[in-house]
Each structure stands twice: as structure tokens, then as C-alpha cells.
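Here is a quick walk through a two-chain model, going from the overall picture down to single residues. Keep the viewer open as you read.

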Amino acid sequence: MAHLLNTPFVPSAQTLRRSPNLPPGARISGRRGRASVQAKIREIFMPALSSTMTEGKIVSWVKSEGDKLSKGESVVVVESDKADMDVETFYDGYLAAIMVEEGGVASVGSAIALLAESEAEIAEAKAKANSSSSSSSSPPPPPNTAAPEPQVVNVASVAVAKPPPAAAVASTHQASDGGKRIVASPYAKKLAKELKVDLGRILGSGPLGRIVAKDVEEAAAAAVESNVAAGSGPAASSPSPGIQLGTVVPFTTMQGAVSKNMVESLSVPTFRVGYTITTDALDALYKKVKSKGVTMTALLAKATALALAKHPVVNSSCRDGNSFTYNSSINIAVAVALDGGLITPVLPDADKVDIYSLSRKWKELVDKARAKQLQPHEYNTGVGSVVNHLDLVPQDALGPRFDSHQVLSIPWVHARGPNALDLPDLCGGGALQFAWILWISRGKVSVTTHEVFAYILRIEQRTIEDRGLKLVGTFTLSNLGMFGVDRFDAILPPGTGAIMAVGASQPSVVATKDGRIGMQNQMQVNVTADHRVIYGADLASFLQTLASIIEDPKDLTL
Amino acid sequence: MQASLSLSVASHASPAALARSNHSSASFAPVNLRFCGLRREAFGFSDLKQSESRRVCPSSARRWKAAVSALASDNGSAPKSFDYDLLIIGAGVGGHGAALHAVEKGLKTAIVEGDVVGGTCVNRGCVPSKALLAVSGRMREFQTEHHLKALGLQVSAAGYDRQGVADHANNLATKIRNNLTNSMKALGVDILTGVGTILGPHKVKVGSSNVVTAKDVIIATGSVPFVPKGIEVDGKTVITSDHALKLEFVPDWIAIIGSGYIGLEFSDVYTALGSEVTFVEALDQLMPGFDPEIGKLAQRVLINPRKIDYHTGVFASKITPAKDGKPVTIELIDAKTKEPKETLEVDAALIATGRAPFTQGLGLENINVATQRGFIPVDERMRVIDANGKLVPHIYCIGDANGKMMLAHAASAQGISVVEQVTGRDHVLNHLSIPAACFTHPEISMVGLTEPQAREKADKEGFEISVAKTSFKANTKALAENEGEGLAKLIYRPDNGEILGVHIFGLHAADLIHEASNAIALGTRIQDIKFAVHAHPTLSEVLDELFKSAKVKAQVSSPVSEPVAV
């Protein structure tokens, strides 16, 4: 099944410098070309070959340790949930150390091998392979057991090979030889692997004491409960019931990312401007269109986007302190609280998409976010323009056919190295679209554009995260109104120009200009902006426009 | 004649090919002859009616004319010295196909059946299994919520009545059996009931005493499920396909020994009906025999997401049926080292390790024929070979009993080929043009060589091969059905456009393969067939695209016939 799709992997930004003046692991600030003087050891990652792929199996290493690789050569064949694919290298060098052996499984994004630039560095790379596996918990230990997760080992063989711990009584199956053998049905085994339940600890309730699916499910549920009861559960995913006071809990990946972003934000001079907006008309509109699936969030996003369209400077972003970019599209990121974290799904082109589609999109994003299935491009879009193109092309379309050498000859594909952050600068949207259509067509197989995108952006995201520069949409909305919060202010996410904090809409007594006193629903919004590019008057006029749109919201449903 | 000369230079020109080329040179422009010469084996049985007058060798034309004067329904007239022109032992699909064609050719024909008309296919094989698979396909659809949801459908919990399903299979078998019997009766084929035993040349005993004579005899006794040593079949918990098709119970957990197409189809049925399945496969890979790429993809769709696990590289050395409250036990040994590996305890075991030829009581010793691994040795014209390696005159063997290609339609094609020969037209069946299908959901089908086979052949004979693939995901009809999973694969010669093999995994693959198998049978080249038009939107466009994506260096071999203005 090889050769179905030749997907190149892109080694990450984690490059080691040899230069003595720099601490190991220091980031390379220059572009790749300039950095080429230094020797590098690059990690080869398990690529995401499909949008649903979470782990991949190494079918075979085409090259072995010590082999010289040249750009574009197949190095390894990876089996995903969909297909086997040849993975190529973008760099010349030597395959220094294989970290995941054939047959091993590694989760997407984890290192599977090291690539040394020169022969001399092979030893160094090998040492790195060993040390990285001992120093950090996530990269895989060497030979056979490769992936960080125990999924590496086939459960069936575990069940047979590993007797359960003495503490737990094994199945009472009469043929189980006092726990030496475990009899579990095929589905029970699959479930056990999925739910990470040790079959040896389960008492079978099936015929003759066999472990059946129900037993595994119950055991999994019980495990969660007991974790909660003991307070030893991983605080990461289910915090509310099982928080043990006085414990130190390491950040989850998501919390880590949030933390980085927040600290990063301190380097940006921000200021805030507030505004009170009457929402009677908006509320009335909402009542009318609610039945059509329109959400308040979508209405607010739409209104904001329409206002932004008139004030492009508020939708701009300053990245380097010397210049700023008028973003070509308006992508509204909306903060969503998750268990143990916060993410910001993005509504792309909110000014152009109609309110109904926007609402649908929003619902879909939230559902996915809650299920933690958001694709990188949906919650993290520093490369805003990329997102647009996803919507331009039918999701399941196959691109025209090209041969892989044609694809490799596209500068963009080469340029997608660890410095992928430069994407918007590197090429316009058209080139990008062209490039990934080619990418899809390389293996002449039906990989959806979606999947290719997920792949590109996953790499993108790694890079971005590695640099501590997790980016969000071009403008962010944060709404705490549903909690009754009447006003708050938000921290500006790095890489964007402004964020708007939306409070609850509540009835207020107001004096009108004609001297009467009346009741109006009012909502306070508070925009935080980057004062390097956005000035007070900009925000003020933006808010004025926004208020006029919300107070006369007929344009929202157009 | 120029053409036949060039053909005989080509080393593998068979007589049939010559016959064909004779006719070709007579009726078509010489440019077509290229086709025949390049094919390794001679023509398949294509479109016999139409071709009769053209394909029969001149020497046999007279005889044929005599035959054609006989009406198809009067079953010929008795030859001088024999009771029948043709006697067929075994009324399965192979025998039936041969009998029908024999009558059409004016032969007085009888068919001997020791059991029930229809043989394995109709009574214990393809036919009832299709009934069960029809049920499993629907169950599967009803059970996959996300699939239904994507179509906007709502179906409340689907359930089934085991007896109802079993009855459907049984009724279908009965119906097809009656159709088969009636079709032969209507044509005047004598159906002789009893076990047929060959007493000598031209002489067959039917039942205990009735001896009939015939000019030619076709053995079409078929096969029975093969049960390896050490396995005790009780028909209840340790069963073969014969029992499984009766669907007397649906076990919670069934082990299927063998992951060929029989095992695969049953895994589809059982998992749809709620069973969990464990495959035991002696080879290192599941689904041996399929093109590896197709097999791998099929495994991703048909095995991995279902409630199925498997043990590969192991033999089931001993299987004991359930009794006294004990489950079925299966002892597994390593296929190579023969060391004991594991013991499985399951509710039932289905033995799907293949089929063994059935030749018991056939009296092969009377004609000095020794079976090879149970199969009756035959040459490429299905003529039986005796223990001394000589042809036994007037005795042929078709179908599973000769083991060439154990498929119902292959048997039938072989039978027709034999009838062609005994009526004076030499004929060699091109087995590489015979399609095969596995009716899982989605289906798998194939014709010709697998990729490794093609590569081996290419290496040996020094030509290049290429592979083209298309996905069902790009097919409108497949997407409309929300069944975009699938792959079609073409293995061909880029130099001359010859189709070496086509493999399809996807919705209705079994129905789609015939465009490819017909092309192989007729020698149609890719550069020609790619101009054939397919209705849009249909699944057949998968093959259309497949042919179009092939890169053939050769030019279109013949201009499309006279343009017709509309």
C-alpha cells in the first residue's frame, strides 16, 4: 500500500545549535538559509496523514541508521488509520537514530527519528536520542516500545504475556489457569485498548467468566470514579469533582499554551476603551431568528465583523514592532471555556458569511471544541488567510493530478520548514491554494483538502507553539455575559490587534434626550487594543459603528 | 493468412488463437490481429451465439451445420452406439452450464445428480450466503448511526429474527434450485438421480444398477468443505459453511478458521448480526490471495473497526466442540515452529479453510486416473489425464473437482469450453479473464493477476508494468450513497496497454469488475476502452477514471467504427 500518498514530513523547529556561545536548544532566529552554517540535528516527526489520525504505525524504515538522505527521498513508510504512506525528507543529511522501530506506534507529532546534517553528528544525535528519552517523559524510549503511550503493545499479547498483578484477581474463567490466561472477547479487547483498561484486573461476567465489552466499560467507569474518590485523578481532564486541595498540578499542554500566551502579551502596550450599547433591537432580532438556529454569539461576531470592515486598522496586527499588517480577512476568534482550559475557535470571514451559516459553523466548532476535536486550523489560525482557502475549495474535492517531483519543485513546499510562521509573507493565498492542491494530488489518492490542511497546520501549530507564539484570529470576542458579568477586560492575545470583552445585556433605567426616563437593555463592551497600531480614536469610532449596527441590527441578517 | 503466420512465430499461439485469427483475418481488417497474438491464452467464451458461425474451424463447419438444425429444445437425437452424446456427472452450476450449452449445440445430454440439483453453489454456497449477506448489509446500514445521520435518516434500533433470516436464505436456495431444475427440464436434459460411477470409457453407472453410455463424459462433482486434521466438526458449535448457512444459531463469539473469502463473508454476516469474531489464519497476513494492497485496505474497513480480532501465522491444531458446559476449545500452534501458542475458548468455530474436491465413488480407478491432492488432473482443455500422464479420451473434468479455479462461474465456463470442443471447435478458456468477488460490505472483486504476480511475470518475461488507481471518494454516485470508501486498481503494461489485472474494493465492486474482465477476455486494450462512455453519475465511472488514468504509450489500435450521426 506504499506509494499511495507521498507526504513529506517537516522536521520541527527544535534544532540544536553547536555554536558554543549559545545555550543548547536556543532558537534559531534567522531564516533557514542563514542558519545553514550551523550543524543541526533535526527531529523527524510522526506526521499527521489524515485529519483523524492520532497515532501512526511504522510499517518499515526505507533507510537505516547511518544512511545518507537527500531531499525528497522516502525515509519511512507510515501506516495511518487510512493508508500507508511514504514519508520523505526535506533535508539532506544522515539518518542518525531511529527512535521508533518498525512495527512501533507513535502518536502524531512525536519524534520517530533524528536526522544529522553531517556524519560527525550522528553520535551526537544518538546521544540526544537517548537523553531526550530519559529527560523528558513524552518522547519515546528507544528500541521496541516507541510511543509515549502504552498503545504500542498489542493488548492481546499483553493479556497473554503479562500476568496481572497479584493484587487484582483475574477473571474467574475456569480455563484461565488461575489468572495466567485471560479470556476476553474480541470487542472487549478492543475496548480495553481504547479505554486503557488492564484486562487482568477485570472480572469477566460473560459466558464461563469471559470478559465481555460490558465488563470493560464498567471497569473503565469504575476507574474514573475511584480516581475521583481518591483524588488522584489527572486534574487535566476532569477537574471539577476530583480536585485535591494542596496538590501541585503540572500544566496540561493547553494550560501551558495559555500561560505562554498570557506572559507574551505583557510585551504589548495595550489600552482599553469601553462603550455601552443598547440591545433592545438586537434582543428582538435574536428572538425572531433564534428558531432558525442563530446564536447570540454569531450575531455579536457578525456585528463586530461588519464594524471591523469599516475600521480595518482595528483588524490589523503588529508582530515585530516595526510594521503592521492590515489583515486581508476578518476572522473572529471567540473564546470558549473548556474543562481545564480555554480555546478560541475561529469564525473565518465573519463579515462575508451570512448569519445562518455563521451560526451553524459556530455550533459545529463549539461541539467539536467540547469534544476536544477541533482541528488546528479551527482553533488556531495565526495564518488567517489560510483558513479562508479551506472554505474556498470543496472539502472532498480531489485536485488535479501532478507528479511528486512537480510538487517538490514548488518553492512554497520547500519553504515550509520549521519557519513556517512566515507563511503569509511567503506567498499569497493563491499560491498557497495551488500548493496544497498539488500536495493532495501527489499520491493520487483521495485525501481531502481538509486532511492536508490539518497536516499543514499541525506543523504550523507546533512551530507556533514552540516559539511561544500561539496566535489566534484577527479579532477576538470574549463574552462572559451569560454568567451575569456586567463588565470586565480582556488580555490581548499576542499577534492580534484587539479583543473585545462583552458583558451581560441587562435592563437599565436611562434618561433619554427628550427628558424622559425609560427602560432599555444595555450591554457594556470593553475593547483592549495594541496601542502601537490602534489609537484611542480608532477604537472610539469602531465602537460607535458597532453600537449603531447593534442598535439597528437589520443589516446583520442580510 | 499473413496474420496466422506471424502468430505462429509468437511461441505461445495456441490452436484456438489460430482459429480465432483465421476468422479475424476473414472478417476484420488485419489490424485487429495484433490482439490475438499478444494474448497468452486463447479466447474466453465470449458471445458464443454470435460468434459460432465465424469461429468454428472450416473443417468442423459441416458438422456444426448439422447440429444447428436440431432445435434447442429437442435435446438432439441419440447417436448410434451411445445412449447420450454427453453425460455430465454432477448437477451443480458447472454441470448446469455445460448441459445448457450442450443442448444449444444439439447434443443429446443427460446429467447425473447424486444429491440435489444445484450443487454447492445453489444449496450450500454462493446463493444462500448472498441471502445472509443481503441481510447483514442492511443491518449494517441500520446500525451505523453516523452514516444514517449524514443522510438525514432516522432509524430506531434495528433488530432481526434469526429464523426469518435463515428462512430467507433457505427460500432463496430452493427458488434457485427449482429454476435450475426447470431450465434443464424445459430443454429436455435428462436428469438421472443417483451417484454416478465411471465404469470405463463411455460407460457410467448411475445409482446401484442403471448403466448408461455416452460419447463424452464430463465430471463435475464439485467439492466439499475442507476440514483439516484434528478438527472435530459436530455441526452445532464446530461447523463448516454448510451448517453456517442454515444459521441455526448466532453465537456471541465465533472463531473463523481461515480468512479467505468464505471466512470474510461469514465475518461480515456474523458481526452484523451481533457476534464477535476471532480469525485464525495460518499465513502471516489476513486475506491471503487478495492483492496485498486491496487486502490491507479491506482489513482497515472490514476487520479493524469491527468487533473482530485475529491470530495470524497459527494453525488450529485441535478444535473440540462445546459439550458438558465447556466452550469450544481451539488449540493454536505456530504455523512454522509447530509450537503450541495459545488456547482459545469460544462459543462456536467455523471452519473456512477452503474446499476439498469431491471424487468419492466416481470410479476413477476404472479409467486409471490418480487424483493429485484430491483433484482430478486435467490439461488446459479440461481433458482428464491418467496416472501415466496420458489423456483419457472422451472424459473431461470441470469445476472444483479439477481445482483450476474453484468458482461456480469458472466451472460453468469450463463446461461450455468442453462442449465447444466436443462439438468440434477447439477452445481454451482464459482463466485470467474470470472475475472473482467477495460479497462483504463493501465488496471486493478482482480479475487477472495481483500486483506481485504481475511483477513476477514482468520480471520473468522482461516487460514493464504500471499501476493506476482511483478512489471511490471521487465518484459522485458513491458519495451520494455516502459510501466513498474504496479503491480500484489497474495493473497494466504501459507499452501496449494490456490489462493484466483489476482489483476493486468498494461499493458494488462485484458488479463493477465485469467491464474489466470482459476487456481481458476480449483482448481490449486500455487505449481503446478509455474511449468507451459511461453514464453519469454511476459507479462505473470509477473504472472509467481508472482506465483514463493509465498512461499507455501505444496509440489507439483501431479507429472507432463508422461514426453515426444523430
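## A tour of the two chains

Of the 558 residues in chain A, 52% are buried. Before going further, keep in mind that this is a predicted model. Chain A is built with 17 helices and 19 strands, while chain B has 19 helices and 23 strands. In chain B, 56% of the 566 residues count as buried.

Here is how the two chains look side by side on surface and contacts.

| Property | Value |
|---|---|
| Chain A, accessible surface | about 24,700 Å², 55% from carbon and sulfur atoms |
| Chain B, accessible surface | about 24,500 Å², 55% from carbon and sulfur atoms |
| Chain A, share of contacts (residues at least 6 apart) that join residues at least 24 apart | 67% |
| Chain B, share of contacts (separation of 6 or more) between residues 24 or more positions apart | 65% |

**An annotated stretch in chain A.** Residues 183–220 of chain A carry the UniProt annotation "domain: Peripheral subunit-binding (PSBD)", which comes from an unreviewed entry. In the model, that span is 47% helix and 0% strand, and its end C-alpha atoms sit 18 Å apart.

Elsewhere in chain A, have a look at A:Ala111, which belongs to strand S9 (residues 111–116). Its relative accessible area is 6%, so A:Ala111 is buried, the cut-off being under 20%.

**Helix H6 of chain B.** Now switch to chain B and find helix H6, which runs over residues 93–104. Its 12 residues reach 17 Å from first C-alpha to last, close to the 16 Å expected at 1.5 Å a residue. How many of the residues of H6(B) are buried? Nine of the 12 are, so the helix is largely enclosed by the rest of the structure. The buried set consists of B:Gly94, B:Gly95, B:His96, B:Gly97, B:Ala98, B:Ala99, B:His101, B:Ala102 and B:Val103. Just past the end of H6(B), B:Gly106 adopts a positive phi of about 85°.

One of those buried residues, B:His101, has a partner to look for: its side chain makes a polar contact of 2.8 Å with the side chain of B:Glu420. B:Glu420 itself is part of helix H14 (residues 408–422) of chain B. Is B:Glu420 buried or exposed? With a relative accessibility of 2%, B:Glu420 counts as buried.

B:Glu498 lies between strand S22 (486–492) and strand S23 (499–506) of chain B, in the loop that links them. At 13% relative accessibility, B:Glu498 falls under the 20% cut-off and so counts as buried. The C-alpha atom of B:Glu498 is 8.9 Å from that of B:Gln527, a residue 29 positions away along the chain.

**Cysteines.** Finally, what about disulfides? Searching the whole structure turns up zero of them over all chains. Two cysteines of chain B are worth a click. B:Cys126 has a relative accessible area of 32%, so this residue is partly exposed, between the 20% and 50% limits. B:Cys438, on the other hand, is buried, at 0% relative accessibility.

Conventions:
Residues numbered from 1 in each chain as written. Chains lettered and ligands numbered in written order. Predicted model: local features only at pLDDT ≥ 70, side-chain atom pairs only at ≥ 80, totals over all residues. Heavy atoms only, no water. Helix = DSSP H or I, 4+ residues; strand = E, 2+ residues; numbered from the N terminus. Buried < 20%, exposed > 50% of the residue type's maximum accessible area, 1.4 Å probe, protein only. Polar contact = N/O pair within 3.5 Å; in protein donor to acceptor, adjacent residues only side chain to side chain. Contact = heavy atoms within 4.5 Å. Areas by Shrake-Rupley, 256 points an atom, 1.4 Å probe, with all protein chains shown as cover. UniProt positions renumbered as here; feature names shortened; annotations may be inferred. Expected span 1.5 Å × (residues − 1). Disulfide = S-S within 2.5 Å.
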